[in-house]
Amino acid sequence: GSLSATLPAADGAAHRVTVTARDVSGNLGRASRDIAAGADRTPKFSDTKGYWAVDYCDFLYAHGIDKGFRDGTFRPDQKLTRLQFAEMLYNTLVHTGELNPADYAGVILPFADLSAIPAASLPAVQALYTEGIINGSEKDGVLSFNPSGLLTRAQASAMIGRAQEKGYAEAPLNFTDAGKIPAYAAYYIQTMVSQGILSGYQDGSFKPGNHITRGQM
């Protein structure tokens with residue numbers, strides 16, 4: 001059959017329409033269609049004009065997911081830190097109603113470097129740790145969050161995948177470097193490829209060990 005919907009009046013911004021379907025066995029399918037921003041739209045950030053993901057950067061700003069930096073930049077090519085990642089993913093899940101900040105206010109975190117996490121960012125870490133989306137790293141018996149550490153594309157994919165419902169189809173990993181994708185991330189990458197969330201690079205590779213940038217996120 002077909003599905004039709006009346007969209008909001010054009011406001012010049014970019015939008016994404018997503019349809020999610022579930023069968024009686026709990027299998028999920030999802031497809032999205034982007035509506036591009038108007039040609040005369042002024043980017044929200046001073047350094048994203050002409051950038052391939054400018055519409056997505058503006059979308060994050062409009063929905064309070066990432067407001068960029070105080071100087072008005074987004075810095076899309078800057079490598080993403082673990083704390084920035086946690087904040088962006090947390091803000092997304094709160095925006096979509098999948099997380100309620102009040103549910104995690106009393107969570108006690110086991111990380112030895114809690115003093116390195118700003119108070120304003122603590123709710124994000126509390127919620128994502130409780131939900132099993134992030135788990136820190138252990139060295140010599142000490143568990144740390146390492147907020148300024150960088151994330152690989154495989155690590156970020158696994159964490160985003162953990163935030164999703166289970167039941168999406170698994171697409172084959174046809175990337176030229178699929179053999180380098182860690183086992184812990186493979187399932188999540190497969191499900192997000194099937195949804196059209198991940199597509200890799202133009203040369204057919206995924207580059208799982210590369211550090212993810214703010215623009216890629």
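In this predicted model, helix α5, residues 183-194, gives the most to the lining of the largest cavity, contributing three residues. The lining as a whole is made up of Gly-161, Gln-164, Glu-165, Lys-166, Tyr-168, Tyr-187, Tyr-188 and Thr-191. Sorted by class, these are three nonpolar, three polar and two charged residues. The space inside the largest cavity is about 40 Å³, and the count of cavities of 30 Å³ or more comes to one.

A second topic is the packing of two helices. Helix α2 (residues 82-95) packs with helix α3 (residues 122-130) at an angle of about 75°, and their axes are 9 Å apart. Because angles of 65 to 115 degrees count as roughly perpendicular, α2 is roughly perpendicular to α3. The residues that meet are set out by helix below.

| Helix | Residue range | Residues in the contact |
|---|---|---|
| α2 | residues 82-95 | Leu-83, Ala-86, Glu-87, Leu-89, Tyr-90, Leu-93 |
| α3 | residues 122-130 | Pro-123, Ala-124, Val-125, Ala-127, Leu-128 |

By class, the contact of α2 with α3 holds 10 nonpolar residues, no polar residues and one charged residue.

The loop between α2 and α3 contains Pro-101. Is Pro-101 buried, partly exposed or exposed? Its relative accessible area is 37%, so Pro-101 is partly exposed. Apart from its neighbours within four places in sequence, Pro-101 is in contact with Tyr-90 and Val-94. Tyr-90 is also one of the α2 residues that meet α3. Between the C-alpha atoms of Pro-101 and Asn-174 the separation is 38 Å, with the two residues 73 apart along the chain.

Methods. Residues numbered from 1 in each chain as written. Predicted model: local features only at pLDDT ≥ 70, side-chain atom pairs only at ≥ 80, totals over all residues. Heavy atoms only, no water. 1 Å grid on protein atoms, 1.4 Å probe; cavity = no way out; pocket = protein on both sides within 12 Å on 5 of 7 lines; lining within 4 Å. Points joined across faces, edges and corners; volume = space filled by probe spheres on them. Helix = DSSP H or I, 4+ residues; strand = E, 2+ residues; numbered from the N terminus. Nonpolar A, V, L, I, M, F, W, Y, C, P; charged D, E, K, R; others polar. Axes fitted to C-alpha atoms, helices over the stretch in contact; angles between N-to-C directions. Parallel < 35°, antiparallel > 145°, perpendicular 65-115°, else oblique. Contact = heavy atoms within 4.5 Å. Buried < 20%, exposed > 50% of the residue type's maximum accessible area, 1.4 Å probe, protein only.
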